[in-house]
Amino acid sequence: MEHRPIKADSDTREHLVVIGNGMAGCRAVEELLARDPARYRVKIFGAEPRVNYNRIMLSPVLAGEKSFDDIVINDADWYAKNGIALIAGDPVVAIDRAAKTVTTRGGVSESYDKLLIATGSDPFIIPVPGKDLPGVIAFRDMDDVAAMLDAAEKGGSAVVIGGGLLGLEAAHGLSLRGMKVTVLHLMPTLMERQLDEAAGWLLKQALEARGQTILTGADTAEIVGDGRVEGVILKDGTLIPADLVVMAVGIRPSTALAREAGLAVGRGIQVDDHMVTSDPDVLAVGECVEHDGQVYGLVAPLWDMCRSLADGLVEKPTGYRGSVTSTKLKVSGIDVFSAGDFSGGDGCEDIVLRDASRGVYKRVIVKDDRIVGAVLYGDTADGNWYFDLLKKQEDVSDLRDVLIFGQAFASGGGQADPKAAVAALSDDAEICGCNGVTKGQVVSCIAKGAHSLDAVRGTCKASASCGSCTGLVENLLALTLGDDVQSGPKTMCKCTSFGHDDVRREIVAQEMRSIPEVMQKLHWATPDGCSSCRPALNYYLLCALPGDYVDDQQSRFVNERLHANIQKDGTYSVVPRMWGGLTNPTELRAIADVVEKYNAPMVKVTGGQRLDIFGIRKEDLPAVWADLNAAGMVSGHAYGKALRTVKTCVGSEWCRFGTQDSTGLGVKLERMSWGSWMPHKFKIAVSGCPRNCAEATIKDFGVVCVDSGYELHVGGNGGIHVRATDLLCKVATEQEAMDYCAAFIQLYREEARYLERTAPWIERVGLDHIKARIVDDEAGREALRARFLYSQSFSQDDPWAQRAEGAEAEHHAPMARFTPQKEIA
Amino acid sequence: MTSTAEWLDIGWVDQIPVRGSRTVQVEGGDDIAVFRTAEGKVFALLDRCPHKHGRLSQGIVHGGAVACPLHNWRISLSTGEALGDDKGCTPTVPVKIDGGRVLICRASTLKAAA
């Protein structure tokens, strides 16, 4: 690097020394020069042996789209032309504020009148064993890129730790360079700071389709290798081989120098509105500063800061007021945009548009008629428009209905009314892309009597598949019929226009595999559903994909999450399983011991012939389960939408009227069906004779033993509306009773709506339908039974045993304890 | 400026399950429920529904609200107000994240114990 010699002796101008030759430091100097090129004598110190370049463009360099020369912002000529001295490759290691000098590692000392710190930020290296192995690098500067290119040349596998913006760009670049790339992300959602769950899910899908392996919820335990990196081990024990590990988990303001110089430092170097630090002669800009409690890791705020800095030093101080930030990027050709606050919350309305076929997701968050945030995926054309409305805090109440369709539509004169927009469509305009239905066909189908959304779906199939055109069809109904539109069957909840049956059908038809996928493909109107639809979707997926679907704990009601019943005082009650209502001294002793040991105030015999231990504290639950497990008992699922109990009488073994072994059959039925998740709670009973002591005729599935065999009853309910069972059929053997029971349960699991017990289900679909499926269709019955038993092969793990062993132990203990007496207020 | 003494450090944000919660036990008072939404925002409320004092920490978190596990009232995480047709309010506790650590307001925590 050549420098034009500065005639320091003769130059009496104030001396501005800049620490940091990056984007902020040089931009600040550019702003100063633009205002008054002659004001300061400038000297810049840079740690890297290079001129000023655009760090944001490192990704295209890695991806091979640009060379280093393409990303240089200011070349050597710029420094020379403006009389700026650059000391590159020799970092400043100390500031002496009293003497007003800085000293470099190489021993160069320089005095200043004004000092500008623009040290930017350092990559955060997670403190795991192996982090210092050769082959483990950050993604921060040109040297890192060179190291990555070097590794990619040799091929092999790379692991990128961090599924944020930087990590994904690194992964994309390495992938393009031919490496097999695995991205490890600690959080469940990629880029969770910029994207909500739905958009994050889409991004993950798209990246996987491009050949990357994306592991979310992946917690790195260790980086291993003998002299050089060879792999990464996750906390769950998984080993991922790697020839290169890129750590891109985040950045931290680089504040060490300022801190050692005694400047006020919080998360970053603290500055006022004119970028002045706690020392009036020392200024700071960029990622290293903290302004009004905020630190920034994006480029736009940095430009704002540099302008304010220059104004303060040269012209009238204008003052920096903080920045509202937006992020727009392209990963593997996928457009992603986010701006403002998209976390929702009180008084916020979400406007969501999901277009599954185009892979588009848009969400605009409005509060008090103003946009406060936006997330766009797949189509970011309107990002700047939303961001502009957000920054200007413009009232969008007039645009509210069409806001989500974007600027072109919203400002398209006279089209602000969505109904008018639909009215303006020609008859052969396509309404439903999935089923190829035109506006003319929909209108004619409505004219012929389809006066509700459901009727239209049933007749011409419009809106019957992905549902993205539901709004258009509703508008056509309103246009064609005026006020005569009939409201359709109840939707699952306010988050969707689909009913339960439609959702279930689509889950199977479109082979959906996760809750976010269902919400995306079926155009959910809320970002993460509600307490009604989430448990239902969780169940539907569990039922459709036994052994495959990963249960979502946060979509379960507390009882199922904690495997105990919450009571009104916040304590829990615990019901161990007693097979067929049988118990023995060991079990009774264990229960008695638990009652004493954990001070349970009450033990109660339940209606289903079990013992219920009340008043257990949440923290004690794992210990209670461990004690009960030790005596051979497992969870009774008395809390679950699941098989609860099998009630029995004593039957032929003891009873003078008993005709069959009802207790034995009850135990067998319970062994077969325990642990299964259902749309609602499910109870079975077996009575040994028609005296029906086990009250089998008010159970979901009841067996009444008679001389010649077994009467099978279904759909009984002892709830608010008592319903006696319907007789399904009579069978001759115990095995048949078991087979019919399994088939009936599976039919209920597959067809009933979530939270619909067997009684209302049977009344809705009719007993004939059940008989046709279970009694008349032998092959169908056998298939149902086989599906049930297959599903049971995954679900008969005692949840108590897992929890007693410490699984999810953190759910039971407080995060922290606070004792006010010892604190000084 | 707030000094750290005004804030209680209760642990890492990662210790709170996403769309879930953890509690802070306050001796002599109500527990505090600390929630984490799908989008990584953290909120804290007294662990007590205004209706029948249900443990809000045990409810299903969705969007910016939690459904009480006892009777399904929906409570706003940011204001503590009951949403929809229900009326009532749970006291909120100011909370912030600093360097991945969750901090809750000491004064509000003391008030919870009072």
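**Reading the model**

Analyst: A:Asp398 has a relative accessibility of 71% and therefore counts as exposed; buried means under 20% relative accessible area, exposed over 50%, and partly exposed in between, with a 1.4 Å probe and protein chains only. A:Asp398 sits in the loop between helix H10 (383–392) and helix H11 (407–410) of chain A. Its C-alpha atom is 9.0 Å from that of A:Asp369, 29 residues apart along the chain. Helices (H or I, at least four residues) and strands (E, at least two) are DSSP runs, numbered from the N terminus.

User: What conventions apply here?

Analyst: This is a predicted model, in which local features need pLDDT of at least 70 and side-chain atom pairs count only at pLDDT 80 or more, while totals for chains, interfaces and linings use all residues. Residues are numbered from 1 along each chain as its sequence is written, chains are lettered from A and ligands numbered from 1 in the order in which they are written, and side-chain values use heavy atoms, with hydrogens and water left out.

User: What average pLDDT does chain A have, and which elements have the lowest and highest means?

Analyst: pLDDT is the predictor's confidence in each residue, from 0 to 100. Chain A averages 88, and 93% of the residues score at least 70.

User: Which residues touch the most other members of the largest nonpolar core?

Analyst: A nonpolar core is a set of buried Ala, Val, Leu, Ile, Met, Phe, Trp, Tyr and Cys residues joined through side-chain atoms within 4.5 Å. The largest has 50 residues, and those touching the most other members are A:Ile44, A:Ile95, A:Val102, A:Leu115, A:Ile117 and A:Val285. Helix H9 (residues 299–314) of chain A gives the most to this core, with 7 residues. Another core, of 42 residues, lies apart from it and includes A:Leu58 and A:Ile334.

User: At what angle do H23(A) and H25(A) cross?

Analyst: Axes are lines fitted to C-alpha atoms, for helices over the stretch in contact, and angles run from 0 to 180 degrees between N-to-C directions. The axes of H23(A) and helix H25 (residues 767–776) of chain A come within 10 Å and cross at roughly 135°. H23(A) is therefore oblique to H25(A); angles under 35 degrees count as roughly parallel, over 145 as roughly antiparallel, 65 to 115 as roughly perpendicular and the rest as oblique. Residues making the contact include A:Tyr740 and A:Phe744 of H23(A) and A:Ile770 and A:Ile774 of H25(A).

User: Is B:Arg19 buried or exposed?

Analyst: B:Arg19 is buried, at 9% relative accessibility, and lies in the loop between strand S1 (7–12) and strand S2 (20–26) of chain B. Most residues other than glycine have a negative phi. Phi of B:Arg19 is near 55°, a positive value. Phi of A:Asp292 is also near 55°, but A:Asp292 is exposed, with a relative accessible area of 68%.

Notes:
Contact = heavy atoms within 4.5 Å.
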